[in-house]
Amino acid sequence: MKQKNNITVESPGRVNLIGEHVDYNGGFVLPGSIDKKIIIELSVVSGNICFIESKTVKKSFKLNLKKISKSKIQWENYIIGVLYNLIISRNLKIKAFDCKVDSNLPIGAGISSSSSLVCGLISGINYLNDLKLSSDEIVDIVSDVEHNFIGLKGGIMDQFTIVNGRKNKLLLLNCQNRDFKYIDSNFNPYKIILFNTNVEHNLSDSSYNKRVIECNEALKIIRKKYKKYKFLVDVEEKVLYEFKNTMNEKVYNRALFVIQENKRTIKSAKKISKLNIKEFGEFMYNSHFGLKNLYEVSCKELDFLVDFTMGYKEVIGSRMMGGGFGGCTINLIEENFINDFIKLISLAYLNKFNIELNVIHVNIGDGVLIKK
Ligand code: GLA
């Protein structure tokens with residue numbers, strides 16, 4: 001069948017139920033793609049000049065496919081990074097295109113708007129040029145763009161979820177080898193609600209990368225004695241304990257969190273499969289406290305939102321989600337209490353920080369789709 005020259009790509013954001021900051025340590029994560037998306041309209045044009053326009057960030061720029069180099073404007077690098085990878089690193093032939101980006105995915109909320117943009121763009125270019133890139137290759141290209149163009153040394157959770165997501169299914173993904181299975185996303189009578197602190201974090205900030213470095217440092221120290229460990233998540237807690245007095249305290253705490261969070265994630269998948277939502281909710285709280293106290297990636301706004309839920313039995317679980325330092329909390333709230341609870345927590349948040357709280361209702365939706 002002949003390739004079309006105009007397509008629309010729908011690329012979702014993602015939530016992560018549990019398994020935070022373990023993807024780059026070879027751990028298990030439990031994310032799902034959501035029904036909030038970036039919409040990318042792509043049409044092939046003649047010549048070498050692409051025109052890219054984003055309604056979301058209210059920016060546009062022209063790009064010559066024969067002269068690709070990094071931009072000083074970070075947003076442009078998401079697009080340029082993709083083309084650099086395809087044209088320069090992979091030596092692929094790409095037709096010039098016009099690209100219009102629109103979105104109902106809030107930026108900086110920790111629901112992966114940037115990975116969504118990159119995944120959607122690669123998937124669209126893949127289709128228009130019949131490149132036959134596999135899902136794994138798309139995941140790799142997103143990593144390359146994020147690591148080398150944006151400066152974020154993130155793991156594969158976001159892009160893997162956006163590419164492989166399915167309606168009403170979570171992915172239990174082993175980030176060591178990319179094995180995964182779908183798990184029904186059924187939390188009845190609870191629904192997933194995100195509360196956006198509206199405190200913007202910049203993930204490429206050194207703080208995220210610093211955690212990556214600290215985890216590598218912990219593994220390096222452990223491997224001097226125990227060569228068998230290839231990933232930090234595989235170290236038993238009792239083995240880590242042997243290093244308690246010799247390892248820098250922060251590095252030790254990072255490792256402890258990662259090891260515990262990975263175990264929680266594996267157990268969580270079982271609890272969710274067995275519809276044991278209450279016990280899963282407790283894991284969510286424990287995950288948050290680990291992220292706050294051991295991993296130190298939370299902030300006062302996120303902590304306030306999580307603490308506030310603890311006074312209400314209708315909220316079964318709550319924690320910060322994503323890279324941290326702002327963004328959203330993810331909550332499981334009894335369906336018929338959601339509206340009342342939103343009023344209560346929004347008012348409390350406004351009173352405390354003088355910041356408007358945004359509420360994001362999410363359903364688990366499909367991964368990237370190309371509409372021809
Ligand atoms: C960001 C990164 C992911 C992951 C999360 C934390 O979203 O892009 O790879 O590390 O933070 O779990």
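Biologist: What is the strand order in the open sheet of six strands?

Modeller: E5-E4-E6-E3-E1-E13, with mixed pairing. This is a predicted model, where local features need pLDDT of at least 70, side-chain atom pairs count only at pLDDT 80 or more, and totals for chains, interfaces and linings use all residues. Residues are numbered from 1 along each chain as its sequence is written, and side-chain values use heavy atoms, without hydrogens and water.

Biologist: What makes E5 (59-64) and E13 (369-371) edge strands?

Modeller: Each pairs on one side only. Strands are DSSP runs of E, at least two residues, and helices are runs of H or I, at least four, numbered from the N terminus.

Biologist: Why do E1 and E13 count as paired?

Modeller: Pairing needs at least two bridges found by DSSP between two strands. Three bridges join E1 (residues 6-16) to E13, so the two strands pair, and they run antiparallel. Thr8 stands opposite Lys371 in E13.

Biologist: What makes helix H4 a neighbour of this sheet?

Modeller: Contact means heavy atoms within 4.5 Å. H4 (residues 157-164) packs on the sheet, touching E1 and E3 (31-44). The direction of H4 makes about 125° with that of E1. Angles run from 0 to 180 degrees between N-to-C directions, with axes fitted to C-alpha atoms, for helices over the stretch in contact.
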